[in-house]
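Welcome! Please take a moment to look over the sequence and the structure below before reading on.

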Amino acid sequence: MIAHRVHRDLARAISAVENGVTDYRGALARFTALGSASNGTTARKRADVIGITGPPGAGKSTLVDRLIEGVRAAGETVAVIAVDPSSPFTHGAVLGDRVRMQRHAGDPGVFIRSMASRSAGGGLAPATRDAVRLADEAGFDVVIVETVGVGQVELEIVAVADVIVVVTVPALGDGVQAIKAGLTEIADIFVVNMADRPGANASATDLKHMVREGKRDIPVLQTIAQDGTGVPELLAALNKKRDGDDSNAVRAVRFEIVRRARDEAVRGALAALDTPDAAAVLDRLRDHELTRNDAIDALQHIFGGTAHAH
Amino acid sequence: MQTTERTIADQQREWEQLTLLPFTERRPEAREAFRTQGGATLERVYTPEHVADVDYLRDIGFPGQFPYTRGPYPTMYRAQPWTMRQIAGFGTADDTNQRFRYLIAQGQTGISTDFDMPTLMGYDSDDERSEGEVGREGVAIDSVDDMLDLYAGIDLEKISVSMTINPSAWILLAMYLVTAEERGFDRKKLSGTIQNDIIKEYVAQKEWVYPPRPAMRLVRDSITYSAEHLPRYNPVNVSGYHSREAGSTAIQEVAFTLAAGIAYVEEVVKAGIDVDDFAPRLSFFFVSQIDFLEEVAKFRAARRVWARVMKERFGAKKPESMRLRFHCQTAGVSCTAREPLNNIARTAIEALAAVCGGAQSLHTNGYDEALSIPSEPAMKIALRTQQIIAEEVGIIGTIDPLAGSYALERLTSDIEKGCFDYFAEIDKRGGTIKCIEDNFLQMELADAAYDLHRRKEAGERHIVTVTKYRDESANPHVELHHVDEAASQRQLDRLAKTKANRDSAAVQKALDEVVRVAKTDENIMPATIAAVRARATGGEIIKALRPVFGTYVETPVF
Amino acid sequence: MPIKVLVAKPGLDGHDRGAKIVARALRDAGMEVVYTGLHQTPEMIVNAAIQEDVDVVGVSILSGAHMTIFPKIMTMLAEREVDDIAVVGGGVIQEADIPKLKEIGVREIFNAEASTQDLIDGIERIVAQTGRDRSRREAAGTAGAGQAASR
Ligand code: B12
Ligand SMILES: Nc1nc2c(ncn2[C@@H]2O[C@H](COP(=O)(O)OP(=O)(O)O)[C@@H](O)[C@H]2O)c(=O)[nH]1
Ligand SMILES: [Mg+2]
């Protein structure tokens, strides 16, 4: 159980880092309830951080709701950090993940925080990493991070999570191909959610083939998040990964991959800025025909939304 | 419809050049486009050219004949006016019973019951979730003892009784049947309607207990049970009212409703019942909004579309299976809290649209609609509004009086087309239930509601006293319905009394039987009736079945 | 810093047309909106408000049960020492009840006559007044309730 006061201070500490007022150390110093939560239990094991990523609408939040149920049933406390995209136009957002998990809102062993991605184009809000550390300090046993998975950018999640679950849905061949592009590198577990839909078996088989080509042991599971089918198996697979101690070496490799992916994205963006289309947009900006925001939007459009001109 | 003379189009073009243009140059029109509430753009004038594709015999025809565009019956209001059916429901059964008797004394010809939120959602009054809500928005009904008092002194063989209840509808139907039985009425003579339209709950009204598929089974069981035992009863009232009040367009209102109708028919036919054995007892429910022409067109289109669906899609043979009968309610959302007496005018126009559209039954809103559940004086004026239309206006003398208007026929055909487009899309997506599970209908509705809101704010449609002609100086005070805070305790006492007086072992046995049946494919009605007779409460039956059927959790969409 | 708002639907009330329109309109005005979904208890609403650290809780209620729901929410916010979170309401709330709600600390009631712009302006004004601008508060290092930096 986590005290109400800790919930409040954790929430406010996350705001502080989210709003760029301080980093997580500063926040810890400031919000004493958090400090005491961890001070009292120095011998406490670090929280296990589970990353859940995958395309919008794959059922990630619904699955997280089920995972909360499972983790709580095992007697552990859990914090969830759920990231949703901000509108590039208005910067507003309807943060829709919480509503799937709201039935746990009365449980003091559960903390749920929605974060808008704000200026970050990728799957993670800039402050997500600090938020995860703060939740750890607040004494939660498990921290789940849900991110929007679009393109390669959500590779960032490897910088945050110990175990990464990549969620997909039954789809035609191209769906699986798209996943192959980035996510096999980072996935610890593949989940084909919406197994109630046609094509689930085929998708799972495809993934299994793909996984066999690689070196790591990546289970491929099927779930129906809506009714909980397959969730016990997912929890078991997660527990196995959590218990394994290969995490450090693996994580180091993952960081390297993220760094490379990021470099590649920067190179891509620079190259794209050199194209005539982009030059035309920049000219119009110079001539005051476009506002800065419009120009950014136009460029992003040219880059196909994968590179970021921030 | 008539012989189309090419010269009309030529003439119109000439008129636009020679007459219209110079005129608008001097005096431009007030706005570029005039749109219906549903968003359809209106032509400046309609001519025979605009209805050239409408064939009188094929598309319009005669009242009481396929495709029923002009009405379900050959005599319509010349035989008798529509049923005047004002909704009532508040406090305990006794409180509401008095309102029923008052309305009947004022000339009301049907009864309509509104339940409180706990009853609507399947919780007993003593459930912790019911706190503060017992008897507030409707009447609290926990057991058949309450139902007996609710309709006490009312001849259930003579007056038709409607009940606005959904996820727990089959239980309330059971209570109604036990009430009739204990008062010695003949089931075969019971006429009335239970809303029991679970599909639109997930889309619009948001009252649910179980997920869509088990909930459909309950609807199916009540329909098949009625088909066998209740020849004059409407076991489902497929409703577009709620979707429209939630912000849909007129086309969506009809399309979603009839798509739900299609799903019910499919479900029952799957159970092996011949379509003509139950389809005649399906009834419908639409709103009458303030956009007069569009509404009249909507009612006519709904009849035409349903007739075609029943005939062509389901191969129905009996004319009664194809003719759509509907109840109508004026639009609550069109009413304002500001200068509330103006709502009388709005309601009168809407009621007239319903009558011009051929409604079988009508509820007119009170002037206090935007403020609270209706007071007695407000209901009286609302009822009088209907009586004025029936007795004074003279419109009941001729059937479907606006037929043949070029504008009206065009709008009617456009709404029909919009419906069939939606059916094709819904079929493509795997049917109505799938579309609910996948949030397709919810998404369409949310977009329409937001669009309408923005159009309103952009000044496309003004609301008198709210967005235009706002008089800040005074907002006239009206007496409102008084919520009797003691009613909740009275209901808790009633419930405690029922529980004290019953044989709890018998209740448990009856509940176990309901659960057993629920796990099989047997019809659930007989076991439910037995449980209700033993004084099991609605909440107890609902709760017992949760482990069997599961609990619905909504995924809200924006 | 975007304003963060929790749009909440308490009790058994299922009228969600207004709440959804409001959520969408606030988003389009650049705010970060969290929606609780239907059928929430006051405790669920308060916990969500705390965890999300919102500037404003907007309670949408058309069932007529507002005089039982709002006091519960206000009391619980005070108990948890987060009564610097502003509470506003919307829906069907009779004129006569508005002063009573303001007395227990509800900042504003927006009924169906309020335009979208009225809501946006109102919420921005309230956030400016409460001084619960999160960045400023955190900068001042005041974690406790009611110690907003603007005081
Ligand atoms: C539409 C409607 C329905 C629809 C609801 C569709 C939906 N999904 O929302 C349907 C037909 C399903 C329905 C059903 C019922 N209804 Co109804 N309904 C209405 C009606 C006509 C309009 C409400 C509306 O949507 N207005 C349009 C929206 C845009 O406005 P709004 O909600 O007021 O929101 C605006 C502001 O209030 C404000 N706002 C609202 N929320 C928030 C939140 C925040 C954060 C902010 C800042 C602002 C804000 O901004 C919004 C935009 O301007 C009202 C009467 C009326 N005219 O108000 C009755 C009314 C609310 N209903 C009523 C009743 C009794 C019921 C039922 C219980 C009837 C029954 N017994 O079966 C059921 C219950 C349904 C349920 N599950 O709860 C009563 C409530 C009585 C009371 N409070 O004392 C009313 C007042 C009608 C009456 N006079 O009897 N209803
Ligand atoms: N049919 C089906 N629908 C699901 C399943 N899991 C989630 N959904 C639905 O898919 C939609 C998107 O789910 P959500 O959890 O929000 O996805 P996210 O965007 O990945 O977080 C919701 O309507 C869920 O109810 C599933 O296993 N089967
Ligand atoms: Mg999500």
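The report that follows covers a chain interface and two ligand sites.

## About the model

This is a predicted model, in which local features need pLDDT of at least 70, side-chain atom pairs count only at pLDDT 80 or more, and totals for chains, interfaces and linings use all residues. Residues are numbered from 1 along each chain as its sequence is written, chains are lettered from A and ligands numbered from 1 in the order in which they are written, and side-chain values use heavy atoms, with hydrogens and water left out.

## Where chains A and B meet

Let us begin with the protein-protein contact (heavy atoms within 4.5 Å). Chain B brings five residues to it and chain A brings four. The buried area here is about 380 Å², with carbon and sulfur atoms giving 55%; buried area is the accessible area (1.4 Å probe) that two parts lose on being put together, summed over both. On the chain B side, Thr555(B), Pro556(B) and Phe558(B) lose the most area to chain A, together 63% of what that side buries.

One salt bridge crosses this interface, the term meaning a side-chain nitrogen of Lys or Arg within 4 Å of a carboxyl oxygen of Asp or Glu. The partners are Arg197(A) and Asp438(B), whose closest N and O atoms are 3.0 Å apart.

## Ligand 2

Next comes the site of ligand 2. Around this ligand are 19 residues, and Gly57(A), Lys60(A), Thr62(A), Arg100(A) and Asp196(A) are the closest; a residue is counted if one of its heavy atoms lies within 4 Å. Because the surrounding residues come from chains A and B, the site is shared between chains. Helix 4 (residues 60-73) of chain A gives the most to the shell, with three residues; helices here are DSSP runs (H or I, at least four residues), numbered from the N terminus.

Which atom of Lys60(A) lies 2.7 Å from an oxygen atom of ligand 2? A polar side-chain atom does.

## Ligand 1

Finally, ligand 1 lies between chains B and C. It has 41 residues around it, the nearest being Ala204(B), Glu369(B), Ser372(B), Gly14(C) and His15(C).

From chain B, a polar backbone atom of Ala204(B) is 2.7 Å from a nitrogen atom of ligand 1. From chain C, polar side-chain atoms of His15(C) and Ser60(C) each lie 2.8 Å from a nitrogen atom of ligand 1.

Conventions. Polar contact = N/O pair within 3.5 Å; in protein donor to acceptor, adjacent residues only side chain to side chain. Helix = DSSP H or I, 4+ residues; strand = E, 2+ residues; numbered from the N terminus.
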